[in-house]
Amino acid sequence: MSHAQPRPEAAGESAPPRTRIVVAVLAFGGIVVSLMQTLVIPIVPELPKLLDASASDAVWAVTATLLAAAVATPVMGRLGDMYGKRLMLLTSLLMLVAGSVTAALSDTLVPMIVGRALQGLASGVIPLGISIMRDELPAERLGSATALMSASLGVGGALGLPAAALIADHFDWHVLFWTSAALGVVAAVLVLVLVPESKVRTGGRFDLIGALGMAAGLVCLLLGISKGADWGWRSGTTLGLFGAAVVTLLAWGLYELRTRQPLVDLRTTARRQVLVTNLASIAFGFSMFAMSLVLPQLLQLPEATGYGLGKSLLDAGLVMAPTGLVMMATAPVSALVSRNFGPKTTLMCGAVIVAAGYGLNIVLMDAVWQLVLVSCIVGAGIGFAYGAMPALIMGAVDPHETAAANSLNTLMRSIGTSTASAVAGVILAQMTNVFGGVTVPSRPVRPGRGG
């Protein structure tokens with residue numbers, strides 16, 4: 001199969017200023033979407049009181065975003081390939097704005113869930129942005145630009161936590177969502193004015209049956225993963241969801257292999273380069289989210305536990321913020337390594353760096369500076385990997401499949417983060433101490449240390 005290269009410079013076109021603007025706008029859009037996912041974290045413990053709902057019901061304000069994102073990401077990618085990536089990018093940003101306004105106006109659970117689901121529908125912005133870059137940028141700029149766009153997923157998440165904590169501490173909680181809406185409007189206007197529409201289209205018909213089948217399978221899978229700890233991993237509901245996910249996704253796969261214009265070309269997905277990259281995406285998504293779950297807990301646990309550092313949520317956010325800056329700074333380095341040694345080497349380097357960071361964390365968890373160091377090392381490794389993944393995907397698929405393939409890769413990262421949340425919850429639930437009448441995570445015995 002022949003793979004088209006990024007378009008060359010047109011005669012007389014002043015590429016550097018134009019490409020810098022396009023890259024900056026698309027990366028800003030990616031950061032805005034990842035910020036949206038983080039902004040709600042400071043108020044999650046307060047949601048039952050704020051929405052006059054039970055704790056188990058209030059969690060749906062988070063779960064709804066996860067499920068909507070899982071369904072929307074591959075669907076928006078396919079629609080972008082068919083009808084225009086910029087059009088679908090603008091649609092995603094408008095969904096973000098609509099969801100943010102709905103959540104900002106809500107004081108009860110149902111409109112909050114609706115708003116958060118609409119926000120989740122914006123998750124296709126990052127893969128769509130990467131696909132626009134492939135269509136519009138010259139070859140020498142593509143690697144660093146896609147690396148930066150891919151890293152924006154982590155950048156927004158890391159920077160959003162301290163910003164959200166600051167807003168939650170000093171303003172009414174609705175301001176969080178008004179902030180998300182305002183940023184979404186700015187991103188949409190910038191895209192409308194400064195980003196060109198790609199002329200690379202597939203045409204054809206939209207695979208509605210495939211979209212519904214994939215949506216049903218993913219909802220069953222991710223709902224089981226995200227709610228299994230609450231419902232019980234051996235409960236009939238959880239096991240039923242996992243069983244339904246297996247059956248539905250198998251039936252969906254058989255249908256996709258037989259239809260002429262599938263939502264996801266599974267034959268392309270099964271190519272070794274695409275398959276391994278997607279599996280790696282699950283692993284790195286797991287690694288990134290596990291860090292963002294565990295390190296803030298260490299920082300916020302009381303010092304009297306003997307291992308907690310007694311910091312506030314804002315302090316924890318500030319400690320994690322450098323991770324996003326490191327990921328952004330790593331993007332051009334990742335592109336340089338990929339250009340000289342290939343993206344496969346970059347991905348392997350990222351894996352080694354992440355492993356080194358977690359290895360250090362086993363012995364470095366006694367001071368704030370140690371957790372900053374660990375989070376920056378892990379962030380650098382994830383930045384390397386996220387920078388390599390779009391290059392690996394685009395090197396294995398045709399231009400007319402770019403958005404759908406990148407969207408599927410982004411979905412794999414989301415599955416990794418969902419799995420990290422469930423696994424971390426199970427592990428932490430099995431390793432607890434009672435401190436001051438409250439159950440808190442315990443610290444495992446380390447080599448050469450007491451309990």
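**Entry 1: Leu298**

I listed what Leu298 touches, leaving out residues up to four places away in sequence: Tyr307, Gly308, Leu309, Met365 and Leu371. Contact here means heavy atoms within 4.5 Å. The model is predicted, so local features need pLDDT of at least 70 and side-chain atom pairs count only at pLDDT 80 or more, while totals for chains, interfaces and linings use all residues. Residues are numbered from 1 along each chain as its sequence is written, and side-chain values use heavy atoms, with hydrogens and water left out.

I placed Leu298 in helix α13 (residues 272–300). Helices are DSSP runs (H or I, at least four residues), numbered from the N terminus. Leu298 counts as buried because its relative accessibility is 11%; the cut-off for buried is under 20% relative accessible area, with a 1.4 Å probe and protein chains only. I also checked Asp366, which lies 68 residues from Leu298 along the chain. Their C-alpha atoms are 9.1 Å apart.

**Entry 2: Thr146**

Thr146 sits in helix α8 (residues 139–170). I read 1% relative accessibility, so Thr146 is buried too. Skipping neighbours within four places in sequence, I found Thr146 in contact with Ile130, Met133, Pro390 and Met394.

**Entry 3: α5 against α9**

I took helix α5 (residues 85–104) and helix α9 (residues 174–194) next. Their axes come within 8 Å and cross at roughly 160°. Axes are lines fitted to C-alpha atoms, for helices over the stretch in contact, and angles run from 0 to 180 degrees between N-to-C directions. The pair α5 and α9 is therefore roughly antiparallel, a label for angles over 145 degrees.

Which residues of α5 and α9 meet? On α5 I noted Leu89, Leu93 and Val97 among them; on α9, Phe177, Trp178 and Val185 are included. The contact of α5 with α9 divides into 16 nonpolar, 4 polar and 1 charged residues. Nonpolar covers Ala, Val, Leu, Ile, Met, Phe, Trp, Tyr, Cys and Pro; charged covers Asp, Glu, Lys and Arg; the others, Gly among them, are polar.

**Entry 4: α14 against α15**

Helix α14 (residues 313–341) and helix α15 (residues 343–363) pack at about 135°, with axes 7 Å apart. That makes α14 oblique to α15; oblique takes the angles left over once under 35 degrees (roughly parallel), 65 to 115 (roughly perpendicular) and the antiparallel range are set aside. Ser334, Val337, Ser338 and Phe341 of α14 make the contact with Pro343, Thr345 and Thr346 of α15. I logged 3 nonpolar, 4 polar and no charged residues there.

Technical notes:
Helix = DSSP H or I, 4+ residues; strand = E, 2+ residues; numbered from the N terminus. Buried < 20%, exposed > 50% of the residue type's maximum accessible area, 1.4 Å probe, protein only.
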